[in-house]
Amino acid sequence: MRSTLALAALAALLSACGGEPPPRESAAAQARSVRVAEVAVRPLAIGLSASGLLVAREEAAVGSELSGYRVAAVLAEEGDRVTRGQVLARLDPALIESEIGRARAEVARAEASAARAGAEAARVAGLDGRGVLAQEAIDQRRFEARAADAALAAARAELNDLITRRARLTLRAPVAGTIIARNLAPGAISTAGGEPLFTIARDNLIELAAEVPEADLPRITPGTPAQVTLPGGETAAGTVRTILPRIGNQNQLGIVRIALPVRADLRAGGTGTARFGATSRAVPAVPEAAVQFSARGPAVMVLGPDNRARRRPVRPGQRAGGFVELVEGPAPGTRVLLSGAAFVLEGDLVRPEPAR
């Protein structure tokens with residue numbers, strides 16, 4: 001009862017003094033001020049980027065066709081530019097030289113035998129059926145002459161084979177280009193059919209094997225210009241030479257081979273990023289600041305007629321000039337939050353300000 005009287009007395013006193021109870025702040029006055037923009041259809045210069053490895057357009061392998069020969073000299077190193085036919089290495093010919101000597105002696109012996117057998121056969125020429133010499137003896141001499149000629153041909157073939165093998169002890173470059181790998185050291189023993197002893201990038205041509213998502217391949221054709229950026233920031237103008245017909249089973253990426261100019265800083269095994277020619281097309285887009293990324297995926301905060309924020313998931317596309325394409329998302333004309341959107345919760349009332 002006393003408290004009721006006290007409150008009544010306080011109210012009377014305030015009324016007498018002309019005062020009023022302080023008004024409560026409106027909800028609009030408490031709303032956070034946030035810059036907004038609209039989803040708009042605008043032309044974007046949309047390009048396509050892809051990374052990959054620098055590779056030789058064509059690799060020429062140099063190996064040994066002979067086994068068991070010691071490497072006598074190595075005359076080329078990785079990075080050397082070589083001409084076609086240039087000597088790269090030599091194998092020790094000592095073993096084959098002795099075989100060639102024996103083969104020459106065998107040829108000489110076979111020549112002598114063939115000459116003797118030929119002379120014997122010549123003596124019985126025209127004696128068939130005369131009874132001067134048995135026909136069997138005549139046929140035997142002719143047979144021995146033919147056998148001696150065959151033995152001589154075999155000996156000469158063996159000698160020619162050894163001479164050919166000796167020539168192959170000298171390893172030469174089959175094409176002009178740059179040596180990009182060397183697997184040979186003096187003193188090593190050659191092995192036929194083993195790994196290449198030298199690998200040459202033909203004509204010093206290096207390309208970028210760019211990995212492009214399957215969905216983007218239709219946007220690229222042979223002849224499409226591409227700007228390739230190296231890790232150090234250097235750039236090279238290239239052109240799409242070919243698109244390989246196979247898509248990777250694991251990553252669903254296709255390989256685009258980009259022809260590049262001959263330059264010393266383009267090295268096989270390096271990396272590069274290609275940007276293909278940009279094309280302008282009108283797409284729904286918002287400023288990049290409007291798109292938020294979280295564990296739930298990319299989204300924007302849209303603003304309804306009541307100025308309350310609501311989260312809308314989106315699927316971003318290409319980016320250009322500070323804007324991002326909305327492949328899926330709110331319709332053009334929808335207001336989206338920019339600055340301060342990260343601090344606005346679902347259903348919050350905001351006070352929109354136009355973007356500057």
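**A close look at Ser64**

Neighbours within four places in sequence aside, Ser64 is in contact (heavy atoms within 4.5 Å) with Leu91, Leu171, Ser190, Thr191, Ala192, Gly193 and Leu197. This is a predicted model: local features need pLDDT of at least 70, side-chain atom pairs count only at pLDDT 80 or more, and totals for chains, interfaces and linings use all residues. Residues are numbered from 1 along each chain as its sequence is written, and side-chain values use heavy atoms, with hydrogens and water left out.

Where does Ser64 sit? Its place is the loop between strand 3 (59-62) and strand 4 (71-74). Strands (E, at least two residues) and helices (H or I, at least four) are DSSP runs, numbered from the N terminus. Ser64 has a relative accessible area of 7%, so Ser64 counts as buried. Buried means under 20% relative accessible area, exposed over 50%, and partly exposed in between, with a 1.4 Å probe and protein chains only. A polar atom of the Ser64 side chain lies 2.8 Å from the backbone oxygen of Leu66.

Now compare another loop residue. Thr224 lies between strand 10 (206-213) and strand 11 (225-229). Thr224 is buried too, because its relative accessible area is 14%. Its side chain has a polar atom 2.7 Å from the backbone oxygen of Thr221. Beyond four places in sequence, Thr224 is in contact with Gly238, Thr239, Val240, Phe276 and Gly277. Take Gly277: 53 residues separate it from Thr224 in sequence, yet the two are 6.9 Å apart in space, C-alpha to C-alpha.

Step back to the chain. It has four helices and 20 strands. Of its 356 residues, 31% count as buried. Take the contacts between residues at least 6 apart in sequence: 74% join residues at least 24 apart.

Last, the largest pocket. A pocket is an open set of points on a 1 Å grid over the protein atoms alone, where a 1.4 Å probe fits, with protein on both sides within 12 Å along at least five of seven lines; lining residues have an atom within 4 Å of a point. The largest pocket is lined by 14 residues, and Thr178, Ile180, Ala264, Leu266 and Arg267 lie nearest its centre. Strand 8 (residues 177-182) gives the largest share of that lining, three residues.

Key. Polar contact = N/O pair within 3.5 Å; in protein donor to acceptor, adjacent residues only side chain to side chain.
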